[in-house]
Amino acid sequence: MDKDVSAGSGITTVAGRLALGITLLAFGLGHTAVIDGVSAADAASIAQYVGGIALFVAGLVALREGDAAGGTAFSVLGALWFTWAVSETASGNGAGLFLLLFALVALSLTLAGGDQLGRGVYGLFFVALLLMAVTEFAGNDGLTKVGGWFAVAAGAVAWYAATAALAHWPTVLPRRAAGRGVTATG
C-alpha cells in the first residue's frame, strides 16, 4: 500500500465499504417494506455473496496489508453476513440472539475508533440490529421497519465513504476553531 494513503482510504477499504454499503442497503430496504414485494429474504443472496464472501475476502486482504481495523471489521462482518444468508429460519428467540450478537460486534467496531464515517456506519448498524433483536425477542414487528431504516442509513454512509475516497470528496466534518463564531454577552 502506498505510504501516502492513510489507513482506511486504501482500495481494499473502498471495496469493503462498497460491499458493506450494498449489503446494508439491501438488508435495510428489505426490512422497511418500502419497495412493494421486496422483503428481507430477498437480500439473502446479496448478503451471502457481496456481504459474506466479498466482504470476508476484502477483510483478509486488508489484514494482509497490515490494516488490522479494516481487516477485522470486514472479515468478521463477512462471516456474519454469510451465516445470516445461509441460516435456516430460526425461532424468534434464536433470531433475536443472532441479531443481538451481531449488534455487539457492530458496537465493538463503533467503539474501536477509526474515522468518523466508519464509526457512523457501525453505530447506525448497531442501532438497527439492536432494534431488530428486540423485535424478535418481543415477537412484535413494530420496530422492524425502524431498524430497517437505520440499516439503510448505515448503508448510505458506507456507500458515501467509499465513493468519497474514490472521488476525493470530504470525509470528515469540519471543526470550528475554539472561540470562533461564539460571541460573549454580558
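**Before you start**

The model is predicted, so local features need pLDDT of at least 70 and side-chain atom pairs count only at pLDDT 80 or more, while totals for chains, interfaces and linings use all residues. Residues are numbered from 1 along each chain as its sequence is written, and side-chain values use heavy atoms, with hydrogens and water left out.

**Stop 1: the whole chain**

Show the chain as a cartoon. You will find six helices and zero strands, in the order α-α-α-α-α-α along the sequence. Helices here are DSSP runs of H or I with at least four residues, strands are runs of E with at least two, and both are numbered from the N terminus.

The chain exposes about 10100 Å², and carbon and sulfur atoms supply 65% of that. Accessible areas come from the Shrake-Rupley method with a 1.4 Å probe, and for residues only the protein chains shown count as cover. Of the 186 residues, 39% count as buried. Buried means under 20% relative accessible area, exposed means over 50%, and partly exposed lies in between.

How much of the contact count comes from residues 24 or more positions apart? Such pairs account for 67% of the contacts with a separation of 6 or more, where a contact means heavy atoms within 4.5 Å.

**Stop 2: the nonpolar core**

Select Leu20, Leu77, Trp81, Tyr122, Phe125 and Leu129. These are the residues with the most contacts inside the largest nonpolar core, which has 32 residues. Helix 1 (11-32), helix 2, helix 3, helix 4 (92-111), helix 5 and helix 6 (144-167) each supply at least two of the core residues. Helix 5 gives the largest share, eight residues. A core of this kind is a set of buried Ala, Val, Leu, Ile, Met, Phe, Trp, Tyr and Cys residues joined through side-chain atoms within 4.5 Å. In soluble globular proteins, nonpolar side chains tend to be buried together.

Zoom in on Leu129. Leaving aside residues up to four places away in sequence, Leu129 touches Phe27, Leu99, Phe102, Ala103 and Ala106.

**Stop 3**

Select residues 116-138, which form helix 5. Its 23 residues reach 33 Å from first C-alpha to last, close to the 33 Å expected; the expected span is 1.5 Å times one less than the number of residues.

Next, select 68-86 for helix 3. The end C-alpha atoms of helix 3 are 27 Å apart, in agreement with the 27 Å that its 19 residues should span. Its buried residues include Gly70, Phe74, Leu77, Trp81 and Trp84. The buried residues of helix 3 pack against helix 1, helix 2, helix 4 and helix 5.

**Stop 4: the salt bridge**

Which two side chains meet in a salt bridge? Select Arg17 and Asp115, which pair at 2.8 Å, N to O. The pair links distant parts of the chain, with Arg17 in helix 1 and Asp115 in the loop between helix 4 and helix 5, 98 residues apart. A search of the whole structure finds one salt bridge, defined as a side-chain nitrogen of Lys or Arg within 4 Å of a carboxyl oxygen of Asp or Glu. Arg17 is buried, because its relative accessible area is 12%; Asp115 is partly exposed at 29%.

**Stop 5**

Select Tyr49, Ile53, Val57, Val61, Phe82 and Val86. Together they make a nonpolar surface patch of about 490 Å². Helix 2 (44-64) supplies the largest share, four residues, and both helix 2 and helix 3 supply at least two. Patches are made of residues with over 30% relative accessible area and no salt bridge; like charges are joined within 9 Å, and nonpolar side chains (Val, Leu, Ile, Met, Phe, Trp, Tyr) within 5 Å.

**Stop 6**

- Thr12 sits in helix 1. Is Thr12 buried or exposed? Thr12 is buried, because its relative accessible area is 8%. Setting aside residues up to four places away in sequence, Thr12 touches Ala58, Val61, Ala62, Glu65 and Phe74.
- Leu107 lies in helix 4 and counts as partly exposed at 29%. The C-alpha atoms of Leu107 and Phe126 are 5.6 Å apart.
- Trp149 is in helix 6 and is partly exposed at 45%. Trp149 touches Thr32 and Val34, not counting residues up to four places away in sequence.

Methods:
Buried means under 20% relative accessible area, exposed over 50%, partly exposed in between (1.4 Å probe, protein chains only).
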